[in-house]
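Dear colleague,

Please find below the structure I am handing over to you.

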Amino acid sequence: MIETLLGGLLGGAFRLAPEVLKWLDRKGERSHELAMQDRLLAFEKLRGAQRMAEIGAGADAAWNVGALETLREAVAAQGQRSGARWADALSASVRPMITYWFMALYCAAKTAAFVGAIEAGADWIPAIQAAWTEADQALWAGVLNFWFLGRVFDRVRS
């Protein structure tokens with residue numbers, strides 16, 4: 001009798017075991033599929049963000065190209081003559097006159113600083129050294145390079 005009962009229980013357990021294993025396998029598959037869906041969703045978010053960055057970069061590049069084209073047209077328009085001699089002469093004199101005016105003001109300010117140091121009792125050499133700094137040297141080098149290199153480039157283009 002115990003063998004019958006034990007055989008029935010074991011037979012039922014062995015019949016039920018594959019179903020339990022299938023249920024556990026499906027549960028594992030579902031959790032795996034859910035994890036894969038989560039990873040796929042994260043990947044799609046990342047791809048979408050990358051695509052938006054590409055679109056933004058493309059828009060920035062297009063804007064930059066348009067801005068450079070507009071600047072090129074503006075510079076080209078500035079170089080064209082108007083036909084009125086006085087207007088063309090005035091237009092050609094603006095940059096040099098502003099440079100001369102700036103340099104005159106700059107020299108006046110430096111001279112005032114030098115004279116102020118002398119009147120305060122400083123000797124000539126320390127007064128000159130105090131009035132002429134590395135920033136002044138860099139500024140003058142930039143201005144001189146601008147004008148003289150501009151002439152070199154004009155000769156090369158001609």
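Helices here are DSSP runs of H or I with at least four residues, strands are runs of E with at least two, and both are numbered from the N terminus. The model is predicted, so to speak of local features requires pLDDT of at least 70 and side-chain atom pairs count only at pLDDT 80 or more, while totals for chains, interfaces and linings use all residues. Residues are numbered from 1 along each chain as its sequence is written, and side-chain values use heavy atoms, without hydrogens and water.

A salt bridge (a side-chain nitrogen of Lys or Arg within 4 Å of a carboxyl oxygen of Asp or Glu) joins glutamate 44 to arginine 47, with 2.6 Å between the closest N and O atoms. By this rule there are four salt bridges.

Glutamate 44 is partly exposed at 38%, and arginine 47 is partly exposed at 42%.

Arginine 51 pairs with glutamate 54 in another salt bridge, at 3.3 Å between the closest N and O atoms. These two residues are three apart in helix 1, about one helical turn. Arginine 51 is partly exposed at 47%, as is glutamate 54 at 42%.

Glutamate 69 forms a salt bridge with arginine 72, at a closest N and O distance of 2.7 Å. Glutamate 69 is partly exposed at 33%, whereas arginine 72 counts as exposed at 51%.

Yours sincerely

How values were computed
Buried means under 20% relative accessible area, exposed over 50%, partly exposed in between (1.4 Å probe, protein chains only).
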